[in-house]
Amino acid sequence: MRTFRTSALNLILVTLVCSILSCDSFEYGSLLFRVLRKMEFRVTEISAVYPAHLNRYDVLVLIDLKKSPTETEIQEIQSFVNTGGTLIVAGDNQVLDGLFSAYGLELRRLPRRLEFSQRIPDEPFFPQYPVNEIRTSTDFAIEPFAREVAKLCGTENGAVVVTLQDGGGRAFFIASAYLFRKDGLRYDGNSTLLYNLMSTLPRKARIGLAEKRYYTVDSKPLDPFTALVFNTTVGLGAVYIFLVLFVFLVLRGRRFGRPLDVHDRSRRLSAEYVHAMTALYQKGNTRKEILRHIRDKFRANLGNRWRVNPTLDTPTFLEELAQRGFVDADEQLTNLITDLEPSGDISETELLDIAQRVEAYCETANIGKTKWAARIG
């Protein structure tokens with residue numbers, strides 16, 4: 001019976017991987033990213049655009065890193081695991097020595113490539129769907145030197161998959177990135193191992209996924225413009241000249257063009273301008289345009305705060321907010337964004353009510369400082 005259930009699980013996982021591979025041109029992200037999304041986890045790809053914020057994740061997955069995390073980043077990862085997070089590291093690049101050493105492990109080169117690894121303990125670590133063999137295609141094994149670990153898979157020459165408990169969390173170390181690549185996930189044992197690893201996580205857990213490079217706020221590269229301005233002599237010189245020119249203009253008491261006569265009585269007061277614009281809006285019956293302007297500004301403020309593209313459609317926009325860690329328990333934001341979508345005619349009273357709700361939400365969430373209700377009223 002167990003053999004039948006395991007075979008059925010393998011078939012489902014391999015079918016899932018193959019279906020994703022067949023749709024490469026229609027979806028974005030790596031294969032592992034899409035597989036985890038299909039398994040209904042909330043996955044964020046860690047990159048220079050979206051660097052890691054460990055307090056937003058339940059799980060940190062590091063796959064095939066080509067650059068070692070810094071000492072500070074390793075300490076932050078250890079703190080993340082110690083306080084209840086789950087860490088999954090897969091790779092046989094020796095740039096990971098620092099991270100392995102922090103957990104009392106080391107990568108040891110094998111005399112020959114290890115294509116397949118067998119289950120080591122008699123009692124499987126994942127009893128529901130035990131994996132007897134995985135395909136690793138690695139040149140390294142993991143050797144513990146400073147702590148006790150559970151060796152899950154490998155050969156008599158050394159372990160390839162190990163796990164350890166650290167404080168309130170758990171870490172898995174795998175001396176093979178092949179397991180989670182396209183070819184690797186086609187293999188039954190590898191896909192079942194991935195399922196078993198994910199089965200240790202809570203439903204819809206938040207996963208931070210870093211492949212090739214682990215970026216944090218401190219280690220992400222500067223954008224090209226910033227690097228040009230602040231990391232080159234020409235750029236610093238231009239900044240210096242701009243500051244000198246700005247100070248000169250301020251001290252001269254003028255900005256650009258001819259100084260205005262302070263006694264010039266032909267200038268309109270600000271109040272006259274506001275009343276004129278209000279009259280134009282009322283005469284032109286542009287309440288839909290005002291609603292659209294409020295919606296666009298509100299979504300832009302939310303997008304800047306949570307680093308989400310404000311032009312996405314409403315369901316995708318709300319989903320991306322949730323993936324960035326935004327919590328909308330009472331669906332106040334969901335209802336507000338839905339009401340901001342223009343649909344048919346809207347009365348001035350309804351428009352004023354929506355504007356007041358937006359202002360109240362912005363003040364509570366501390367985003368934006370626009371007074372739409374005062375302009376409409």
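Which residues is Phe 180 in contact with, leaving aside its neighbours within four places in sequence? They are Leu 32, Ile 63, Ala 90, Ile 174, Leu 185, Leu 194 and Leu 197, where contact means heavy atoms within 4.5 Å. This is a predicted model, in which local features need pLDDT of at least 70 and side-chain atom pairs count only at pLDDT 80 or more, while totals for chains, interfaces and linings use all residues. Residues are numbered from 1 along each chain as its sequence is written, and side-chain values use heavy atoms, with hydrogens and water left out.

**Overall make-up**

- The chain has 14 helices and nine strands; helices (H or I, at least four residues) and strands (E, at least two) are DSSP runs, numbered from the N terminus.
- Of the 377 residues in the chain, 39% are buried, a term that denotes under 20% relative accessible area, with exposed over 50% and partly exposed in between (1.4 Å probe, protein chains only).
- Among contacts between residues at least 6 apart in sequence, 66% join residues at least 24 apart.

**Nonpolar cores**

- The largest nonpolar core has 66 residues, of which Leu 62, Leu 87, Phe 173, Phe 180 and Tyr 214 touch the most other members.
- Apart from it lies another core, of 23 residues, including Ile 294, Val 308, Ile 346 and Tyr 361.
- A nonpolar core is defined as a set of buried Ala, Val, Leu, Ile, Met, Phe, Trp, Tyr and Cys residues joined through side-chain atoms within 4.5 Å.

**Strand β3 and its partners**

- In strand β3 (residues 86-90), five of five residues are buried.
- Both faces of β3 are covered, with Thr 86, Ile 88 and Ala 90 buried on one side and Leu 87 and Val 89 on the other.
- Thr 86 of β3 counts as buried because its relative accessibility is 12%.
- Not counting residues up to four places away in sequence, Thr 86 touches Asp 58, Val 59, Leu 60, Phe 80, Arg 170, Phe 172 and Leu 201.
- Strand β2 (residues 59-63) runs parallel to β3 and is joined to it by five bridges; two strands pair if DSSP finds at least two bridges between them.
- Within this pairing, Leu 62 stands opposite Val 89 in β3.

**Strand β8 and its partners**

- Strand β8 (residues 169-174) is mostly covered, five of its six residues being buried.
- β8 pairs with β3 in the parallel sense over five bridges, and Leu 87 stands opposite Ala 171 in β8.
- Strand β7 (residues 158-166) runs antiparallel to β8 and is joined to it by six bridges; here Leu 164 stands opposite Ala 171.
- The hairpin of β7 and β8 has two residues between the strands, and Gly 167 takes a positive phi near 65° there.

**Packing of α10 and α12**

- Helix α10 (residues 287-306) and helix α12 (residues 332-339) pack at an angle of about 145°, with their axes 10 Å apart; axes are lines fitted to C-alpha atoms, for helices over the stretch in contact, and angles run from 0 to 180 degrees between N-to-C directions.
- Leu 291, Phe 298, Arg 299 and Leu 302 of α10 meet Leu 333, Leu 336, Ile 337 and Asp 339 of α12.
- By class, this contact has six nonpolar, no polar and two charged residues; Ala, Val, Leu, Ile, Met, Phe, Trp, Tyr, Cys and Pro count as nonpolar, Asp, Glu, Lys and Arg as charged, and the others, Gly among them, as polar.

**Cysteines**

- The structure holds zero disulfides, a disulfide being a pair of cysteine sulfur atoms within 2.5 Å.
- Cys 153 counts as buried at 5% relative accessibility, and Cys 362 counts as buried at 7%.
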